[in-house]
Amino acid sequence: MTVHPSLQPSIDAWTHSIEAIVELVKPLVESEWSVATDLPGWSVRDVVSHIIGVECEMLGDPRPIHTLPRDLYHVRSEFARRMEVQVDVRRHHTALEMVSELEYTVIRRSRQLRNETRKPDAEMRSPLGENRTLEFVLRQRAFDVWVHEQDLRRVLGKPGNLDSPGAYVTRDLLVNALPVVVAKRAKAPADSAVVFDVSGPMEFLRTVRTNAEGRATVDGSVSLGPTVTFALDWDTFVQLACGRVRPAAVAERVKVDGDPELAAAILDQLAVTP
């Protein structure tokens, strides 16, 4: 246990997911490391490289001094360039080198987390280059690693852990983002209610209500006569909210009732990850 138990759920979720990733990639042959994932321009190797790179930065390791090639079509922002350095520097690493570095990084990070003595509200530099609290950063790491675990599982054909500790962290983060999606991005009208009815391993129902001032809140209560209702499974919700698929690609897996224009706007703006 850490000194502050409020950090433990995020640490447990991170541990569960990153250990699952190690077990997923250890048996892979060399060619499987080059299989493309749902992330533009990123292979299995690239996803694992990203995870290793971010965890190394959490350990305080210096960022690699590396110049990116100019022909990386998927790198379109400064944020993407920052993330890509840790990926591109490992693009020619072998399967053995990747697994060895991943395992060693997990050992180092696990030790660091076990010895964590800072308070949850201690300010630190996040992997995104922002000043955030320790509690926020650890929660984001649990979220990021679980989502990438699912990226790897989809492309490798090994589904699982859709209801793991990381899934609970992810659910809460994505649900908390829904008011911004509905009210600010999709511009839901005043006094509207939008229901997300999610089935599967992480079954839940949430209603986003927009008040007369255009501010939105989310809760688990049922709405009578909602403006829009979405019914979809948990995996589809995750893929949409994490920008892994476009709404048109999973239209048959999303049942929509209510205002079609507002529904289309919400689905178009549902991706909350960079």
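Analyst: A residue is buried under 20% relative accessible area, exposed over 50%, and partly exposed in between (1.4 Å probe, protein chains only). The model is predicted, so local features need pLDDT of at least 70, side-chain atom pairs need 80 or more, and totals for chains, interfaces and linings use all residues. Numbering starts from 1 along each chain, and side-chain values use heavy atoms, without hydrogens or water.

Start with Gln239. Is Gln239 buried or exposed? Gln239 counts as buried, because its relative accessibility is 7%. Gln239 belongs to helix H7, which covers residues 234–241. Helices (H or I, at least four residues) and strands (E, at least two) are DSSP runs, numbered from the N terminus.

Which residues does Gln239 touch, leaving aside those up to four places away in sequence? They are Arg154, Arg244, Val245 and Arg253. Contact here means heavy atoms within 4.5 Å. Pro40 gives another reference point for Gln239. The two are 199 residues apart along the chain. Their C-alpha atoms are separated by 14 Å.

Now turn to the cysteines. Cys242 is buried, because its relative accessible area is 2%. Cys56 also counts as buried, because its value is 8%. How many disulfides does a search of the whole structure find? The search finds zero. A disulfide is a pair of cysteine sulfur atoms within 2.5 Å.

Next come the strands. Strand E3 spans residues 192–199, and strand E4 spans residues 204–210. E3 and E4 run antiparallel, joined by seven bridges. Strands pair if DSSP finds at least two bridges between them. The hairpin of E3 and E4 has four residues between the strands. In that hairpin, look for Gly200. Gly200 takes a positive phi near 105 degrees.

E4 has another partner, strand E5, at residues 216–219. How many bridges join E4 to E5? There are four, and these strands run antiparallel. Here Val208 stands opposite Val218 in E5. E4 and E5 also form a hairpin, with five residues between them. Its turn holds Gly214, whose phi is positive, at about 85 degrees.

E4 has bridges to E3 and bridges to E5. Gln239 sits in H7, with Arg154 among its contacts.
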